[in-house]
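These are my notebook entries on a structure that I examined.

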Amino acid sequence: MKKFSAKPLAFSSSVVLATLIAVASTSPVSADDIKIGVPLSLTGPVAFAGTKMKDAMELAFDEVNSSGFLGTTKLVPVFADDRSNQPQGISVTQQLVLRDKVSAIVGYTASNICQASLPVAQELKTPTLQADCVVPGLNKIGNYVYSAVRPSDVFVEQTIDKLVAARKIKTAAILYQRDNPVFVNLQPIVAKAFERNGVKIVANEAVTSGGDSDFSAQLTSIANGKPDVMAILLFGGQVGPAMVQARQAGMKDTIFLGEQNFDSVEVRRVAGPNAEGSIFPSHWFAASPVPANVKFVKDYTERFKREPDTFSANGYNAVWLLAQVIKKAGSGDREAIRTAMETIGDMDTVFGTAGKTRFEDRQVTLTPFFFTVDKAGKAVPAFDKP
Amino acid sequence: MTFSDVADWFQIYNHSFATALINAVMALSLYFSLRAGIFNLSAVGFMALGAYTAGIFAVKLGTISIVGITVGVLVSLAVGSILVFPILRLRGHYLAIATLSFGGIVQALALNLDSLTNGPAGLIGVPVTVKVWHLLIIVSVLVYVAWVLTTSRTGRAWDAIRTDLSAARAMGINVEHYRLVSFLISTATAALAGGLWAHVNRVIVPFEFGFPQLTFVLVNTLLGGISHPVGPVLGALLVSTMPEWLDKFEQYREMIIGFLLVVIVIYLPNGLIAPFATMRGRKFSFFKPTQAKPSEGES
Amino acid sequence: MLLQQVINGILTGSVYALFALGFNLVLGALNILNVAQGAIFTLSAFVAYYLISIYGVPFPLALLAATVAGGGINVLLELLVFRPLRSRGGSAMSSLVASIGASMILISVAQLMSGAQVERFPFGTLPEIQWTEFGMRISFTQVLVLVTTMVTMAGTYILLNRTRLGKAIRTIAFDERIARMLGIPTVSVARWTFFVSGALGGLAGVLLGIMYNSVYFLMGEPYVLKGFAAIVIGGFGSVTGVIVASMMIGLLEVFSTVIGIGTFRDVVTFGVLFLFLLFRPNGLFGRDEEVRP
């Protein structure tokens, strides 16, 4: 045979290489350890979220390993920084799967990086649990890609239904962030939910940049319609200034309605008393009595000397969900993990009111909490039964 | 190193390579402008135009990639041909601001023309058809073209215009013509980079075509230096792989890039390539007009 | 409501004006487009914020300190970046690139310092008084911002037109070589120009922070582009022009929201800027200098 076949050579040398790698790296990684890829946005514009996720994920990996949850098997995280940048997200996904040969991936921070990188994980047949992206459609990518969070649209709809039922709401306004997919997606859903409940939308105004803090023009237009409720669909850092400016623009009694980013130290500090009466749904809050969460908040606060926020909770929760999946799979085999994701059923979680969740349509199911902000600036349960 | 090691290595880093090579194409786009002394900051705007055109053709019309990429280049050339006349009448900071605001307009339109661009949610599902070897060929061809142009009559005219526009005109060089050529080649190259970007990165969001992208391209081009077409390519490849070395300093990355920019323009105004690049024996200078020494003969 | 929106536009515009004035000063006199002005704006706001919230410094004093800090940072940039560049014969373009780099460094500092968190001046930093007249609401803070801006703009005008320093700056702007021949100490005048410019940027940053209840490491970013627009529309180097143009842009933005094209706000601003560059590159009040090659 004249033609040289590279296949056997490639095969044998890759076996040799694999052995070499295995031998070379035995010191930290023992035979039944399972490598997990953790791509996050640790630098760049989304780093404020990614770094908080990383802290909590390290905590979760330590807990899984030290508690013997997987017997003698340990999970070994391989962190990678996508720099809040889409091409880099694809690159690190490839590297984690092909170079580091991870058994599964848990992580990702920004929506567009999820949209671009998750199809890569799917093509490389690596089971992936994304921890933080809430744009719709991620659960349609393929049978290897699961979501540990879900878009908040249904929660916000439920909040509006409950709010209209509980109070006399006739008019509503919306202030939303135009350059972010999550809020642009949420805005028509909120508008429809109000209209379905017979509430008139008196103003619907956009903020064009995440760096903006001057909302005076929008808020003057909105204040002119004297809305009973105003939905604030902005970045966490903009929510506080928007609340203060809205009160200054004359909306003294308007109820602010929002999503889970209303619940943060930052919003509380910036908005102060102006946030009183705000209403929002959240799949998680620090004081949630769910047993897994009580432990999480205690451990996190002890280790990092600060209270965890939503991003930390998202990261922590995703790692523990994956640990439960791997326990069911019983090995680090990618196919076994994928099958386990399909068949796992109920899992423990720090989210929601029940402390349990399942994958449905490849994303978690949750029942949210509904909160209102009291005089002291604390989030307390809203819509209590009379 | 066995064959399969290399094969593995290529597979693992294939997307990083692709990204570095696309950055090289962008750096070359800036090279074509800077070479003629046009401080053109519209490259990222045209990159976005190229990326969106390619993306829209691939996703909404289902054409093969080369059609979308080509149309993207043509659309950009068309827009560029309209803009080039008023823009080139401006000088210095006026030109910089005008081209910068063009980029701003493109980004804002991408954000707001939802029916076409799908707004901030991004154009999803662009097929990954561009491979590393395509990009290698494209970069090689571009470097070759740049080299041929730079060493030709056109390149000499560009150098003369960059060094002293009025003198160039006085020498009888058709300044308008050569600047137009430079601007349009730069535009087409940026749009090409955008089209390729789309077919490597799957999702097109307006967010990726902002000021950070522009500073990145500037660093690449200026670090490499524009005294030789290889300079920008070298700069792009270096900067694109640099973060791997700098992983320990990740939170200082922006600061490091900023520092690099400052240091380059002050202490290394002609880039890393400068010591190696004496094209056809002529001394080169970008930021500082060359002092004519009597001993230097005209080639 | 329309009247209220006019006030909103003027307030927004007056912050733009302070910012752009500093921008324009360095550009007009030294032909440097100092993009780092946005970072100085941000850092000064943080200086005032930390002075007030941690050390309990009263607002007027903090405002003064932040203004001086803004000037100081700009002088530092002049010493470390622009002076070496100038002495090595760098072109206008290289100074623009260097200022982009300097800006990235300074914004990183603000980001690391603040942990990328939004801060707010403590409640009660300024008396929270609001007047409601003719269906308009005006707060004490807004009046203060307006008065401070007016006084500062008048001061800048006087500085440029009635003082020795102003004359020196204007002479350098006209031609640096002639200035040197006339015995003007160009180096120290350049330094003072940077100081005044940075101080104006710093003042603008604090006023914006207190007026809109937000101090954030990215707060300067939108202002750089608005600043470009203001100096192009107003005319490079013209004080009156920049003030008028800034007010125009403030009103333009507010009214694009009023007529319901708020999402196209940036397209409108950039579009107007672009049109001016194409058809009236000297701006409204620009010197009739040659802008074409």
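**Entry 1: His199(B)**

I began with His199(B), which I found in helix H10 (residues 175-201) of chain B; helices are DSSP runs (H or I, at least four residues), strands are runs of E (at least two), and both are numbered from the N terminus. I noted that this is a predicted model, in which local features need pLDDT of at least 70, side-chain atom pairs count only at pLDDT 80 or more, and totals for chains, interfaces and linings use all residues. Residues are numbered from 1 along each chain as its sequence is written, chains are lettered from A and ligands numbered from 1 in the order in which they are written, and side-chain values use heavy atoms, with hydrogens and water left out.

Is His199(B) buried or exposed? I recorded a relative accessible area of 0%, so His199(B) is buried. Buried means under 20% relative accessible area, exposed means over 50%, and partly exposed lies in between (1.4 Å probe, protein chains only).

I then looked up the neighbours of His199(B). Not counting residues up to four places away in sequence, His199(B) touches Ala54(B), Ala58(B), Ser65(B), Ile69(B), Val126(B), Pro127(B), Val128(B), Thr129(B) and Val130(B); contact means heavy atoms within 4.5 Å. With Ser65(B), the side chain of His199(B) makes a polar contact of 3.5 Å. A polar contact is a pair of N or O atoms within 3.5 Å; within protein, one must be able to donate a hydrogen and the other to accept it, and residues adjacent in sequence count only if both atoms are side-chain atoms.

**Entry 2: Asn23(B)**

Asn23(B) is buried because its relative accessible area is 7%. Its side chain forms a polar contact of 3.0 Å with the side chain of Ser240(B). Leaving aside residues up to four places away in sequence, I listed Phe216(B), Asn220(B), Ala236(B) and Ser240(B) as touching Asn23(B).

**Entry 3: chains B and C**

How many residues does each chain bring to the contact of chain B and chain C? I found 44 from chain B and 47 from chain C. The area buried between them is about 4100 Å², of which carbon and sulfur atoms give 77%; buried area is the accessible area (1.4 Å probe) that two parts lose on being put together, summed over both. His93(B), Tyr94(B) and Ile97(B) supply 20% of the area that chain B buries against chain C, more than any other three residues.

On the side of chain B that touches chain C, H5(B) gives the most, with 14 residues.

**Entry 4: chains C and A**

Here I recorded 28 residues of chain C in contact with 35 residues of chain A. The buried area is about 2500 Å², and carbon and sulfur atoms give 51% of it. I counted one salt bridge between chain C and chain A. Arg269(A) forms a salt bridge with Glu119(C), with the closest N and O atoms 3.4 Å apart. The interface of chain C and chain A also has 13 residue pairs in polar contact (both at pLDDT 80 or more).

Terms used:
A salt bridge is a side-chain nitrogen of Lys or Arg within 4 Å of a carboxyl oxygen of Asp or Glu.
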